[in-house]
Amino acid sequence: MTDTNPRPKLSIIVAQAQNGAIGRNGDLLWHLGDDLKHFKKITMGHPVVMGRRTWDSLPKRPLPGRRNIVMTENPAFEADGAEAVHSINGLFKALKGCDEEVFVIGGAAIYNMLLPFASRLYVTQIYRDYDGDVFFPTIDMSEFTLVNLGEPMYDEASGIDYAYEEYVRKFSPGRL
């Protein structure tokens, strides 16, 4: 009998600067209240996958209203409100039968690991370079189609220009 759902539908959600920076010293490089609301709206009710450092950086753990999955190499890792997995295979086993969109929310190592399996990208593009120490991986944009480009926005409190972008992979993402 063949498994009709061999792999979950993975999507990546990220806010990145023009130079690909996503963080510094374990923290975000900017604060955009509307982007945090956007993130919550898109991910609410869906599983979210993150690395242990991203988990540790969350101001409130677990993220409410979402199944929290932490990818870590530490076999002893335990956290209230989160499931731990230790490999891509372990993640896909944990998500077996999941027919909803699963969001990869960071950090850089997890993005790198799971990007080949992502079918959709939700990008908050910050129109400025930042001095980060963590960067989103370079994407071969020939593999994706821009399906939604939001209107450019300006955040008065921070002075940041940004826009929401959504991309869909042109062909089936990698398989194990």
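Hi everyone, let's start with Glu143, which is found in the loop between β8 (134-135) and β9; strands are DSSP runs of E, at least two residues, and helices are runs of H or I, at least four, numbered from the N terminus. This is a predicted model, where local features need pLDDT of at least 70 and side-chain atom pairs count only at pLDDT 80 or more, while totals for chains, interfaces and linings use all residues. Residues are numbered from 1 along each chain as its sequence is written, and side-chain values use heavy atoms, with hydrogens and water left out.

Glu143 is partly exposed, at a relative accessible area of 24%; on this scale buried is under 20%, exposed is over 50% and partly exposed lies in between, with a 1.4 Å probe and protein chains only. Leaving out residues up to four places away in sequence, Glu143 touches Val168, Arg169, Lys170 and Phe171, where contact means heavy atoms within 4.5 Å. Its C-alpha atom is separated by 9.9 Å from that of Ser119, 24 residues apart along the chain.

Now for Asp35, in helix α1 (residues 33-43). Which residues is Asp35 in contact with, leaving aside neighbours within four places in sequence? They are Ala15, Thr124 and Tyr164.

Finally, the whole picture. The protein chain has 4 helices and 11 strands. Of its 176 residues, 45% count as buried. Along the principal axes, the C-alpha atoms fill a box of roughly 55 × 35 × 25 Å. Among contacts with a separation of 6 or more, 66% come from residues 24 or more positions apart. Thanks, everyone!
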